[in-house]
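User: I am new to this structure and would like to know what stands behind the words used to describe it. Could you take me through the terms one at a time?

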Amino acid sequence: MPLAPARPTRRLPRRLLQLYAGLALYGASSAFLVRAGLGLDPWDVFHQGLAQRTGWSIGTVSVAVGALVLLLWVPLRQRPGLGTFSNVFAIGLTMDATLAVVPDVRGALAQAALMAAGIVLNGAATGLYIAARFGAGPRDGLMTGLHRRTGWSLRLVRTGIELTVLVAGVLLGGTAGVATLAYALAIGPLSQLFLRVFALPPEEDASPSADRAGTPSAAPAPAPAPT
């Protein structure tokens with residue numbers, strides 16, 4: 001049954017707010033992990049390694065890698081959305097902006113606190129932008145596209161991709177450490193929690209038989225990123 005015309009109009013402002021708030025928070029939380037100095041998530045280990053080799057900022061590298069990964073969607077026949085294109089640019093830009101104002105921290109307690117804040121905020125960011133339902137980020141779309149084309153499990157595809165970029169990032173000089181392990185263990189449960197927190201509520205229509213909004217798609221275990 002077709003949706004009532006007023007429904008998307010009422011829903012759109014909140015969805016847009018969630019999308020861009022989530023992407024901005026994702027970039028900021030990634031910057032917190034950089035400043036904590038205890039390791040990064042696998043994709044950011046790769047971005048950091050490339051940044052050291054190219055002399056570009058890590059946010060600029062994130063944008064470039066996101067754009068290149070998006071090109072891989074073409075043979076995989078993935079369909080991007082507003083959230084996909086926004087993800088490419090917003091996360092890298094907000095990451096660089098946050099790094100410009102947040103200094104490195106020193107001392108084990110301060111580093112651990114900033115690491116924990118970065119991981120929790122990253123989970124909240126993931127819940128925000130995925131629940132907005134504007135499309136997967138380029139890295140998540142690569143995972144689901146390979147899953148559909150190969151028939152391999154999502155867990156296997158994701159593990160393979162993240163191990164590949166992690167090893168490549170370390171070889172390039174990126175930082176892996178205790179935060180990398182903590183992120184891998186915590187981001188899935190955190191994303192699921194915040195997906196429930198930020199899920200769009202069903203909207204009432206004049207007709208009691210009209211369709212209601214569905215639940216958001218399951219969270220990928222990493223950004224999003226960003227992914």
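Analyst: What follows goes through the helices, the core, the aromatic pairs and the charged side chains. This is a predicted model, in which local features need pLDDT of at least 70 and side-chain atom pairs count only at pLDDT 80 or more, while totals for chains, interfaces and linings use all residues. Residues are numbered from 1 along each chain as its sequence is written, and side-chain values use heavy atoms, with hydrogens and water left out.

User: How many helices and strands does the protein chain have?

Analyst: The protein chain has 9 helices and 0 strands, where helices (H or I, at least four residues) and strands (E, at least two) are DSSP runs numbered from the N terminus. Along the sequence this reads as α-α-α-α-α-α-α-α-α.

User: What share of the residues counts as buried?

Analyst: Of the 227 residues of the protein chain, 48% count as buried; the word means under 20% relative accessible area, with exposed being over 50% and partly exposed in between (1.4 Å probe, protein chains only).

User: What makes a nonpolar core, and which residues have the most contacts inside the largest one?

Analyst: A nonpolar core is a set of buried Ala, Val, Leu, Ile, Met, Phe, Trp, Tyr and Cys residues joined through side-chain atoms within 4.5 Å. The largest has 45 residues, and W43 and I58 are those with the most contacts inside it. Among the elements that give two or more residues to this core are α1 (6-36), α2 (42-54) and α3 (58-71). In soluble globular proteins, nonpolar side chains tend to be buried together.

User: Which residues is I58 in contact with, leaving aside its neighbours within four places in sequence?

Analyst: With those neighbours left aside, I58 is in contact (heavy atoms within 4.5 Å) with residues including V34, L40, H47, A51, M95 and L99.

User: Why are Y26 and Y129 called an edge-to-face pair?

Analyst: Rings of Phe, Tyr and Trp (its six-membered ring) pair if their centres lie within 6.5 Å, and planes under 30 degrees apart count as stacked, over 60 as edge-to-face and the rest as tilted. Y26 and Y129 are 6.1 Å apart centre to centre with 70° between the planes, so the pair is edge-to-face. Y26 lies in helix α1 and Y129 in helix α6, 103 residues apart. Y26 counts as buried because its relative accessibility is 3%, and Y129 is buried as well, with a relative accessible area of 3%.

User: What makes R35 and D104 a salt bridge?

Analyst: A salt bridge is a side-chain nitrogen of Lys or Arg within 4 Å of a carboxyl oxygen of Asp or Glu, and the closest N and O atoms of R35 and D104 are 3.2 Å apart, so the pair qualifies. R35 lies in helix α1 and D104 in the loop between α5 and α6, so the bridge ties together parts that are 69 residues apart in sequence.
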